[in-house]
Amino acid sequence: MTDVAAVKAALKTQAIETPSWAYGNSGTRFKVFAQAGVPRDPREKLDDAAKVHEFTGVAPTVALHIPWDKVDDYAALAQHAEERGLRLGAINSNTFQDDDYKLGSVCHPDAAVRRKAIDHLLACVDIMDATGSADLKLWFADGTNYPGQDDIRARQDRLAEALAEVYERLGEGQRMLLEYKFFEPAFYTTDVPDWGTAYAHCLKLGPKAQVVVDTGHHAPGTNIEFIVATLLREGKLGGFDFNSRFYADDDLMVGAADPFQLFRIMYEVVRGGGFTPDVAFMLDQCHNLEAKIPAIIRSVMNVQEATAKALLVDRDALATAQADGDVLGANAVLMDAYNTDVRPLLREVRSEMGLAEDPIAAYRASGWAEKIAAERVGGQQAGWGA
């Protein structure tokens with residue numbers, strides 16, 4: 001039998017990192033849609049993130065993106081976060097929005113371009129030093145569009161050299177999280193297209209390099225929970241970028257497309273010992289149509305619900321059914337947990353934490369949306385590249 005008190009205690013320890021860019025404007029490849037009250041600078045993004053944490057109680061850190069969140073004084077930005085009950089989380093690099101990176105960044109055939117990209121990554125580690133951030137998160141848009149465009153093996157050599165230099169720069173308590181994406185924007189080869197490529201590089205680099213799994217960056221039908229289980233088994237799962245996709249990318253809220261998949265992933269996290277601070281639970285989503293803050297609150301709640309169901313799996317009964325070869329019985333144990341309505345349990349958890357039982361309703365009643373719409377007038381709203 002599952003110990004409900006233990007489940008509640010575990011849920012109270014969960015921490016879900018929200019991304020600064022999710023508070024800004026975003027859109028499709030054809031149009032970025034502006035909304036009233038969107039932050040104009042990183043400090044206003046943190047102000048909004050503080051509201052998510054205020055009403056959920058489990059979103060204490062915010063990931064930054066450089067240069068979108070560039071400021072003159074990162075220590076002061078960290079202080080701004082601390083004053084609002086937050087900490088600065090992963091530092092995300094950007095080597096994909098510069099004309100020099102047309103043919104790649106760290107894998108580019110031109111050594112001068114590679115040097116520029118590596119220097120940016122090293123500057124991101126400097127920012128980590130100033131903010132107290134522990135994670136450098138790397139995603140590369142590098143790849144080729146046509147057969148013969150570049151030497152596939154040479155690009156892997158260049159990637160390895162760049163990662164090694166940045167790895168050596170990491171300080172005590174800092175680590176590198178390498179993300180993968182099976183295609184886009186490169187249409188022929190992508191230089192870090194899958195978890196195996198990311199794992200191979202991280203394995204060679206050492207213990208400070210780990211793989212981050214973006215739940216949207218897989219081909220349809222990919223068994224993501226298998227990847228999670230394997231990386232946990234190897235001690236190489238560094239974190240998640242949570243989101244959803246119906247087709248091939250990550251532009252929807254986590255749990256929106258396939259909540260059952262999210263449950264299966266979270267079960268492997270729990271079963272594999274990954275429900276610890278060593279595995280970062282981060283959101284990475286584009287809120288194109290929906291209001292930003294309520295969407296992020298809802299996303300946090302979706303992760304909480306999947307986690308609660310995963311924690312409710314009767315693992316003793318499941319192990320017995322598996323050992324007996326009881327295929328349907330084992331599946332029924334998982335389905336019983338998944339079909340459990342955990343919302344009353346989570347309302348109890350929030351109440352015991354001194355929070356409103358319904359975070360969305362509490363946010364709407366707070367008047368924050370009306371306040372920022374009235375006050376944030378003029379200036380340039382934050383968004384892609386701003």
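1. Let me start with helix α4. Its buried residues are Val113, Arg114, Ala117, Ile118, His120, Leu121, Leu122, Cys124, Val125, Ile127, Met128 and Thr131. Keep in mind that this is a predicted model.

2. The length of α4 checks out. The helix covers residues 111-131, and at 1.5 Å a residue its 21 residues should span 30 Å; the end C-alpha atoms are 30 Å apart, so the two agree.

3. Asp110 caps the N-terminal end, with a side-chain oxygen 2.8 Å from the backbone nitrogen of Ala112. After the helix comes Gly132, with a positive phi near 80 degrees.

4. The largest pocket holds about 1,000 Å³ of space. It is lined by 41 residues, and Phe96, Trp139, Ala141, Lys181 and Pro185 are the closest to its centre. Strands β6 (135-138) and β7 (143-144) are the elements that give two or more residues to this lining. By class, the lining of the largest pocket splits into 12 nonpolar, 15 polar and 14 charged residues.

5. The second largest pocket has about 580 Å³ of space. Of its 26 lining residues, Glu17, Thr61, Arg87, Pro277 and Ala280 sit closest to the centre. At least two lining residues come from each of β1 (16-19), β5 (87-92) and β12 (280-283), with β5 giving the largest share, 4 residues. The lining of this second pocket counts 12 nonpolar, 9 polar and 5 charged residues.

Key
Residues numbered from 1 in each chain as written. Predicted model: local features only at pLDDT ≥ 70, side-chain atom pairs only at ≥ 80, totals over all residues. Heavy atoms only, no water. 1 Å grid on protein atoms, 1.4 Å probe; cavity = no way out; pocket = protein on both sides within 12 Å on 5 of 7 lines; lining within 4 Å. Points joined across faces, edges and corners; volume = space filled by probe spheres on them. Nonpolar A, V, L, I, M, F, W, Y, C, P; charged D, E, K, R; others polar. Expected span 1.5 Å × (residues − 1). Buried < 20%, exposed > 50% of the residue type's maximum accessible area, 1.4 Å probe, protein only. Polar contact = N/O pair within 3.5 Å; in protein donor to acceptor, adjacent residues only side chain to side chain.
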